[in-house]
Amino acid sequence: MQSRTMRIVVLAVVIAAAIAALIALASSNSGKSEEVSHGVQTVRVDPSGNPVGGVKTLTYNRGDRIELHVVLAAPEQAVHVHGYEYEKPAEHSPVVFSFPARLDGVFEVEVHRLDKSEGPIAELHVNP
Amino acid sequence: MRVSRPKLAAAAALATPAAGLLFPDAASAHALVGRKDLPVPAWLFAWGASVVLVISFALLTVAWTKARLQDEDWRPLPRGLSIAVLNPVTQTLCGLIGVGLFVLVLYSGFRGIEDPTHNFSIIFVFYTFWLGLILPSVLLGDVFRAFNPWRAIGRVISGGFRLVAGQSAPTPFDYPDRLGLWPAVFGIVLFIWLELIAGGGIAPTPHKVAVATVIYSVITFVCMGLFGVEEWISRGEAFNAYFGMFARLGPLETRGDRVGTRRFLSGAPQWAAVPGSAALVLTSIGVTSFDGAQEGVWSGTIRWTFERASDLGLSLSDSFRVANTIWLLITLAGMAGLYWLGIKGMHSVRGSPPTFRLGRSFAHTLIPIALAYLVAHYFSAFLYQEQAQFTYILSDPLGHGSNLFGTAGGGINYGIVGSNTVWYVQVAALVIGHVLGLTLAHDRALATYDSVRLASRSQYFMLAVMVCFTCFGLFLLSQANA
C-alpha cells in the first residue's frame, strides 16, 4: 500500500472519531433539559408505586434549595433520597422534602413500597 | 456496579401490565451507590478529545528511533530487602490474611444479611478486592500472589503431601502453552457476568456470590492439582492473571527469592507474548465499557432486546439476563474487532509479521488504556464504598447489628469529592493512559520493523485504534453512565 493511501486512511479514521465526538457533544446537549428546576416540584406516584409519567429528572445548581413533594396514590413505606440519605415515612401523602443542594452529582429518589420492593421515582441532578 | 438494598423490583414489576414498566429500570437495577457521577460536561469532553488527537500526532513526529523498553533490565534490590519481604514468616502471614478474608467472604455470604450494601462479601469482593488491588499491583508488583488464598491453600496441601509421601505431589499434566491466559479470560468474563447480569436486574445477592466463590474454588483446586499450584496460579487463575497484567506496568517484580526493579513499563512487552494476552486486556476494556454503557449509551438497545426476549416468553429476570449477555458479548466483540482492524492495517506495512503474531505482540500496549478505563469509571464509586468497607462493614460484616470496632455507626460521606475533581481525574486518566499506550506501541513497532520509517508507518494504524478507544472512553463519560 502507498504511504499516501495510508495517510488518507488514517486521516479518515481520525476525522470519523472527530465527527463521533461532535455527535456526542450534540446529543449530550440536546439529550436532557439543562433547565434548572425552581420552587416546589411535585412527583406523583400511582397506586402500584410507580412514578406517573416515568422517572423525572430534576436539575439544580449546588446551593439551590430542593423542594420536593411526593404525592402518593396509596400508602407506601418510605421515600428515600439517595446520597443525601434523607428517608421519610410515606404513610401519608404528600411526603415533603426541603433541603439545600449541598452535594453535586446524580441522586436517585426512591420509593420503598409496603411489599419491600423499591423503585426510582425521580432523579436529582445537582450541577457543581 | 452500584449496589443498593436487595431489590425486589423485578418481582413487583410482574404485577404491572405495561411492557415498558416491566424492564428493571436503570436506576432500580442496581443502585449500589447513593451518588452517581454527573456526565463529563461537553466542553471538557471536547478538550479531552482534542488533547488526545494533538498529543497523538505530536508523539509521532518527535518519537525516538531506537526501541528502549523491550529489554527488561531487571536488577535485584539489596538482599536485606528481599529477605524482609519474602521470608517465610511474611509469606505465611500474607497467606493467612488472604485465607482469612476468603473465609469471611464465604461466611458473610452464606450467613450474613441478604442486603448487598450491608454485607461484607459484596463490598469486599466487588470493590476492595476487584478494584482495590489494581493500583497496588501497578505500584508494588504482583501483590495478589502473596495474598492469593487459593495459592496459599494449594501450597499447604502440596507441602503436606511432600511431608507425608516424601516426594513432591505429581502433576499429571503440563500446562499447555497454547492455553496461555485464556482460562483467565473466561474467568473474568464470568466474574463480570456475576456482578452485572446474574442478578437479573438486581444486585447479586451475597448468597449467590458465596456460591460462585465455592464453585470457582473447586475449579481452581482441581486445576492446581492437575497442572501444579504455581503453574495454574500464574496463568490460569483469573484474578492472579488479571492483577498480574497490571503489575507488568510497574517497576517492581520478584524473581525467585529476590525483589528487583526494572524500568517503568519495560515489564509489559514480555507479557504480550503469552497466548490470550490480547484477549485478556481487551476483555478488561470491554467489561469496563459495558458497565458504563449498560445504563447509559446501551440502555435503549438493551431494553429493546429485553422486550424481544420477554415477547418470546422468557421471564423478566431471564429476559434481562439474555439481553444484557448479548450486549456484553457485542461490546467485547466490538473491542476485539477494533483492535483486529488496527492489526490488519499494520499488517499491510512491508515486512510485517503474520497478523496473528502481530496481534499478540502489541497486546501489552493496551494495558495502560485498560487501567485508565478502570480509574475513570470506578474512581468515585471506589472512594464511597471504601468508606463503607472501613466503617459499618468493618464493624458489622454480616449486617446483624454487631459493632466489633465501634465504627458501625459510620456511613459514607458522599461529599468527599466534588464533581469537578471527579471529571478532571476521569479525563486525565484517559489522556495519560493514551500517552502510555502510544509509547509502548511505538517502542514495540521499532523492535518489530526493519526501519524507523516502516515502524512509524505501522503506527498510524495503532494510533487510530488508540484514539478510538480513548475517545470512546471519553464519550461514555460524557453520557449518563453508571
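**Entry 1: a helix of chain B.** I first checked the length of helix α10 (residues 149-165) of chain B: its 17 residues should span 24 Å at 1.5 Å a residue, and the end C-alpha atoms are 24 Å apart, which agrees. The expected span is 1.5 Å times one less than the number of residues. I took helices (H or I, at least four residues) and strands (E, at least two) as DSSP runs, numbered from the N terminus.

I note here that the model is predicted: local features need pLDDT of at least 70, side-chain atom pairs count only at pLDDT 80 or more, and totals for chains, interfaces and linings use all residues. Residues are numbered from 1 along each chain as its sequence is written, while chains are lettered from A and ligands numbered from 1 in the order in which they are written.

Which residues of α10(B) are buried? I found B:P149, B:W150, B:R151, B:A152 and B:G154. After α10(B) comes B:G166, with a positive phi near 75°.

**Entry 2: a sheet of chain B.** I traced an open sheet of 3 strands in the order β2-β4-β3 of chain B, with antiparallel pairing. β2 (75-76) and β3 (252-255) of chain B are at the edges with a single partner strand each, so one side of each has no neighbour in the sheet. Helix α5 (residues 79-86) of chain B packs on this sheet and touches β3 and β4 of chain B; its direction makes about 120° with that of β4(B). For such angles, axes are lines fitted to C-alpha atoms, for helices over the stretch in contact, and the values run from 0 to 180 degrees between N-to-C directions. Contact means that C-beta atoms, placed from the backbone, lie within 7 Å.

I counted two strands as paired if DSSP finds at least two bridges between them. β2(B) pairs with strand β4 (residues 258-261) of chain B over 2 bridges, and B:P76 has B:G260 as its bridge partner. β3(B) and β4(B) pair in the antiparallel sense over 4 bridges, with B:T254 opposite B:V259. β3(B) and β4(B) also form a hairpin with 2 residues between them, and B:G256 in the turn has a positive phi of about 60°.

**Entry 3: chain B as a whole.** I listed 23 helices and 4 strands. The radius of gyration of chain B, 23 Å, is close to the 23 Å that the globule rule gives for 482 residues, so chain B is as compact as a globular protein of that length. The radius is taken over C-alpha atoms, and the rule is 2.2 Å times the number of residues to the power 0.38. Of the 482 residues of chain B, 52% count as buried.

**Entry 4: chain A.** Chain A has 1 helix and 8 strands, and 34% of its 128 residues are buried. β1(A) pairs with strand β3 (residues 65-72) of chain A in the parallel sense over 6 bridges, and A:V40 stands opposite A:E67.

Technical notes:
A residue is buried if 20 or more other C-beta atoms lie within 10 Å of its own, exposed if 12 or fewer, and partly exposed in between; C-beta atoms are placed from the backbone. Two residues are in contact if their C-beta atoms, placed from the backbone, lie within 7 Å.
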